[in-house]
Amino acid sequence: MATPNHPGNHDHQSKELPQVLVLEPPPIMKLHGDQFLNDFQLLKAWESPLPLDQFLSIHAQSVKALLTPGRYPLTRNILQLLPSLQLVVTTSAGLNHIDLPEFQRRGIAIASAGDVYSEDVADMAVGLLIDVLRKISAADRYVRKGLWDTKAEFPLGSKLCSKRVGIVGLGSIGQEVAKRLQAFGCRIMYTSRNKKPSVSYPYYSNVLELAADSDVLIICCGLTEQTRHMINKDVMLALGKEGVVINIGRGAIINEKELVQCLVQRELAGAGLDVFENEPHVPRELLTMDNVVLSPHRAVRTPESLTAMCEHVKGNLEAFFSNKPLLSPVMNI
């Protein structure tokens, strides 16, 4: 018989815990470990010596919940190996890694990151914009290279106040961006899937018309088939030679080749980019441009947000296994 401290007793207890499949470690685990999920039995696919399909087949009938950071595509092929799956909890701000129609067809619920990252991503968007307009990163390089005491004159920056800012996607992140920039004295306009009756900002049903009336475009929407390459050469030309593009959404929302072309040909004044079309690869032309500010997809990465995400993930899993409403359902069928 197992004593209270006998290993067999621990094994028995762990088998009774709700199982959660984790295909790859999310950033929250790299920062906090997995102690925040002690009430669950984590099935860590990356620790298994078995090929993924074999590992999944072993747990196919028992796994009801999956935790994903958003890098691994959750497609029909994966879902076919998990016939008992009922819930996916994603720590990603976007959902482009999830085959939404297939999830809906199978009746699998999705719990998203909700509003956990919205403030930090909005801060990054504003930071990138101020950096591009006031040339902060370029000025830092200028000073570090010892150019201040030469006769080379550092170029003037541009004022943020009174800029016309077009926000593409007025969800929770877009609204946080709007709130911040309104405080700076900017004029806010937006386009979104639908007009938001709760806000007074001018609404544009067409991103091309929004660009034509804006000094700055800030991309805050998710990546879908409808938004892929939505910001193309026509939109950038409509924004104009003094226009600035900020992207904290997904890289492929902008046609990156056309963005590079517009910047090289000075059809745009600058860009601030936290995301790229083929990460971690960045077009080499952007690396030498002083009017472009680059960030390695870190808008959501603050200790505060990752700590909050731990509680958010735990809360969604607890709700699911207690048969209670999810904290942040995308679809709950």
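Which residues does L181 touch, not counting residues up to four places away in sequence? Select L181 to begin: V126, L129, L160, V165, C186, I188 and I218 are in contact with L181, where contact means heavy atoms within 4.5 Å.

This is a predicted model, in which local features need pLDDT of at least 70, side-chain atom pairs count only at pLDDT 80 or more, and totals for chains, interfaces and linings use all residues. Residues are numbered from 1 along each chain as its sequence is written, and side-chain values use heavy atoms, with hydrogens and water left out.

Next, colour the protein by pLDDT, the predictor's confidence in each residue, from 0 to 100. The mean is 93, and 95% of the residues reach 70 or more. Over residues 1-14, however, the pLDDT is below 50, and this stretch has four contacts in the model beyond near neighbours in sequence.

Return to L181, which together with I218 touches the most other members of the largest nonpolar core, a set of 53 residues. Such a core consists of buried Ala, Val, Leu, Ile, Met, Phe, Trp, Tyr and Cys residues joined through side-chain atoms within 4.5 Å; buried means under 20% relative accessible area, exposed over 50%, and partly exposed in between (1.4 Å probe, protein chains only). Now select residues 118-134, helix α6, which gives the most to this core, with eight residues. Helices (H or I, at least four residues) and strands (E, at least two) are DSSP runs, numbered from the N terminus.

Move on to K135, in the loop between α6 and α7 (136-144). Its phi is near 60 degrees, a positive value in a residue other than glycine.

Finally, select E279 and P280, which are joined by a cis peptide bond with omega about 5 degrees.
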